[in-house]
Amino acid sequence: EISIQGRNTLGTQLMKIEDNDECAGLSVISPMDEYIVVITEKGSVKKCEIQSMKLNKRGVSSYLATVEPNDAVQFADGIKDSNRILVCTRQSYMEIKAEDIPTLARRA
């Protein structure tokens with residue numbers, strides 16, 4: 001529902017970015033996805049049912065996760081229980097089955 005803009009326009013503001021914040025990436029959630037998973041730099045993982053998210057005309061109108069001041073979101077995407085996530089660190093990597101991540105309430 002984002003309106004098409006000409007090349008000389010500024011676009012449509014969907015969220016307010018604070019002075020020290022920046023958009024680091026974008027994920028497209030497929031209608032086939034069941035959950036949204038968020039992984040932070042410090043290793044916190046949250047999986048939430050997409051159905052629990054409230055939508056308005058511009059998209060999602062609620063927060064999914066609160067991140068501590070000394071942490072940051074590293075990954076966010078739509079997944080199904082059949083997916084696997086490969087998490088890489090500076091020293092190693094691990095594969096996580098999406099079905100093994102506990103499903104939490106949006107406000108948890």
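This is a predicted model: local features need pLDDT of at least 70, side-chain atom pairs count only at pLDDT 80 or more; totals for chains, interfaces and linings use all residues.
Q: Where does Ile 50 lie, and is Ile 50 buried or partly exposed?
A: Ile 50 is found in the loop that joins strand S2 (45-49) to strand S3 (55-56). Its contacts, leaving aside residues up to four places away in sequence, include Asp 33 and Tyr 35. With a relative accessible area of 24%, Ile 50 is partly exposed.

Q: Which side chain of opposite charge is nearest to Asp 33, and how far away is that side chain?
A: Asp 33 belongs to the segment before strand S1 (35-40). Asp 33 is buried yet has no salt bridge, since a salt bridge requires the nitrogen and oxygen atoms to be within 4 Å. The nearest side chain of opposite charge is that of Lys 80, at 5.7 Å.

Q: Which backbone nitrogen lies 2.9 Å from a polar atom of the Asp 33 side chain?
A: Asp 33 touches Ile 50 and Lys 80, among others. A polar atom of the Asp 33 side chain also lies 2.9 Å from the backbone nitrogen of Ser 30.

Q: Which residue forms a salt bridge with Asp 81?
A: The closest N and O atoms of this pair are 3.0 Å apart. The pair joins distant parts of the chain, 34 residues apart, with Asp 81 in the loop between strands S5 and S6 and its partner in strand S2.

Key
Residues are numbered from 1 along each chain as its sequence is written. Side-chain values use heavy atoms; hydrogens and water are left out. Helices (H or I, at least four residues) and strands (E, at least two) are DSSP runs, numbered from the N terminus. Buried means under 20% relative accessible area, exposed over 50%, partly exposed in between (1.4 Å probe, protein chains only). Contact means heavy atoms within 4.5 Å. Lys and Arg count as positive and Asp and Glu as negative; His and the chain ends are not counted. A polar contact is a pair of N or O atoms within 3.5 Å; within protein, one must be able to donate a hydrogen and the other to accept it, and residues adjacent in sequence count only if both atoms are side-chain atoms.
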